[in-house]
Amino acid sequence: MESLLREQLPEIVSNGTFGKNLKYLSFDLDKDHVGQDQYMSTVLFGTVTTSDESKHRVVIKLKLRDEKMRIQFQIDFQFHNEIAMYERIIPFFFECHRSMAGVGNLPTLARFLYGRNKCGEFFEKDLIVLENINPLGFRLCEDRLFIDYNHLVIALQALAKFHGLSYTAKNKDPDRFQEIITDIRDTQFDVDGQWIFKNNALSRFGKRGVDQLLKRSGDLYRNNEHLRRFNVLIGDGDNSLRRALVPREPFSVLCHGDFNRNNVAFRYDEAGLPVDVLLFDFGTPRYGSPALDLSFFFYMNTTQNLRESRWDDLLNVYCLTLAESVASSVRVPNRAELDSEMATFAYYGFAHASFFLPYQLESNIVDNEGMDDEETLEWFLQQGGDIGSGLVADIVQHIVDMEYTNL
């Protein structure tokens, strides 16, 4: 923190980030918002005051100091990706979008101010500076676990607009599109080809849900063909995930990669209804099926009852907004084609929700620093207790009922 104040911010200001010929005066930390719902970085909220007496509300992301976590979750790659998204990829997408007639509005994104990612011995000085969106009226949804239908709809509309940028860019300048997405670094697997959790973790996360489903509804599901196929998928969990991540044309897009309630902010009207959504945290984008984002978002943010009652409505919202966000000449998936994408790639959403959703049930997270890979895995398998197991079983049940096992 002292180095940030003494060296980084004065340099950032003098480089013109907040305007020409300005000098740094001070940074006032907003301690009430430090670390707000962030898992992969340290987040500081505060105000930078410059020599013209202007005050700039900012969010500063710093790398985790824990070396094990920094390596495990490939934080260096995440910083690389986010900076690449804001500096090169998103501006290219917006340029393509604005050149097309008859398209919908652009998605609302956080304004990028500065990024540095030198890594190695200099990692403590690496940072990303964004405009603080709270003064603009945006805030995280107050619901901690699941969000209601109104929030889901407006979030899906924002996601559809974001995916529409890829379809427009692929149509407008396919060579440049393919060139620019190669700058994205893979954050799912390490240099040895291992997933972020070792020791056959995906199989064990999946088994937690299957066992609970059979315990409560064995007569209905024990001989179900799609449960058998799901067991095959989780039996070779890491390779199944690798297959889900392979882009297949013509419908692959640059996915957000972590489209979840903690990475979207809402603006509300006087009645308390969400009227706009802002997307942020682009550290884990990847090129692949739009179902990667959709399945993760659905399985992390919807209850079993809502999935059973409004699934078609939600997918229709996405499809309609997607079609409206691109020119008529741009090919996007229709509802039947989207259903096929979901049937093939929804495993991605399960793979991540199977450990992340139970984890979020815990209000007091125990520090697991010092645990080895097996101890860490066992710790995750215990998160959320019986309720967590039930939520994972709900997702397995939905995948089986919807026959989303075509991977």
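Q: What makes Tyr86 count as buried or exposed in this predicted model?
A: Its relative accessibility is 9%. Buried means under 20%. Tyr86 therefore counts as buried.

Q: How do you know whether Phe112 is buried or exposed?
A: Phe112 has a relative accessible area of 18%. The cut-off for buried is under 20%, so Phe112 is buried.

Q: Why is the pair of Tyr86 and Phe112 called stacked?
A: Two values matter for aromatic rings: the distance of the centres and the angle of the planes. Here the centres are 5.2 Å apart, and a pair needs them within 6.5 Å. The planes stand at 10 degrees. Under 30 degrees counts as stacked, so the pair of Tyr86 and Phe112 is stacked.

Q: What parts does the pair of Tyr86 and Phe112 tie together?
A: Tyr86 lies in helix α3 (residues 75-98). Phe112 lies in strand β5 (residues 112-116). The parts tied together are 26 residues apart in sequence.

Q: What makes the pair of Phe197 and Phe355 stacked, tilted or edge-to-face?
A: The distance is 4.9 Å centre to centre, with 75 degrees between the planes. Over 60 degrees counts as edge-to-face. The pair of Phe197 and Phe355 is edge-to-face. It links distant parts of the chain, 158 residues apart: Phe197 is in the loop between α5 and α6, and Phe355 is in helix α12. Both Phe197 and Phe355 are buried.

Q: Why is α6 called roughly perpendicular to α12?
A: Helix α6 (residues 201-221) and helix α12 (residues 347-360) pack at an angle of about 75 degrees. Their axes are 10 Å apart. Angles of 65 to 115 degrees count as roughly perpendicular, so α6 is roughly perpendicular to α12. The contact includes Leu202 and Phe205 of α6, and Phe350 and Phe355 of α12. By class, it has seven nonpolar, two polar and one charged residues.

Q: How do you know that the charged end of Arg70 sits over the ring of Phe123?
A: It is 3.6 Å from the ring centre. The distance limit is within 6 Å. Arg176 lies over the face of Phe92, at 5.7 Å from the ring centre.

Q: What makes His97 count as buried or exposed?
A: His97 lies in helix α3. Its relative accessibility is 5%, and the cut-off for buried is under 20%. His97 therefore counts as buried. Among the residues it touches are Val103, Leu165 and Ser325.

Notes:
Residues are numbered from 1 along each chain as its sequence is written. This is a predicted model: local features need pLDDT of at least 70, side-chain atom pairs count only at pLDDT 80 or more; totals for chains, interfaces and linings use all residues. Side-chain values use heavy atoms; hydrogens and water are left out. Axes are lines fitted to C-alpha atoms, for helices over the stretch in contact, and angles run from 0 to 180 degrees between N-to-C directions. Helices (H or I, at least four residues) and strands (E, at least two) are DSSP runs, numbered from the N terminus. Angles under 35 degrees count as roughly parallel, over 145 as roughly antiparallel, 65 to 115 as roughly perpendicular and the rest as oblique. Contact means heavy atoms within 4.5 Å. Ala, Val, Leu, Ile, Met, Phe, Trp, Tyr, Cys and Pro count as nonpolar, Asp, Glu, Lys and Arg as charged, and the others, Gly among them, as polar. Rings of Phe, Tyr and Trp (its six-membered ring) pair if their centres lie within 6.5 Å; planes under 30 degrees apart count as stacked, over 60 as edge-to-face and the rest as tilted. Buried means under 20% relative accessible area, exposed over 50%, partly exposed in between (1.4 Å probe, protein chains only). A charge sits over a ring if NZ of Lys or CZ of Arg is within 6 Å of the ring centre and within 35 degrees of the ring normal. Lists of a residue's contacts leave out its neighbours within four places in sequence.
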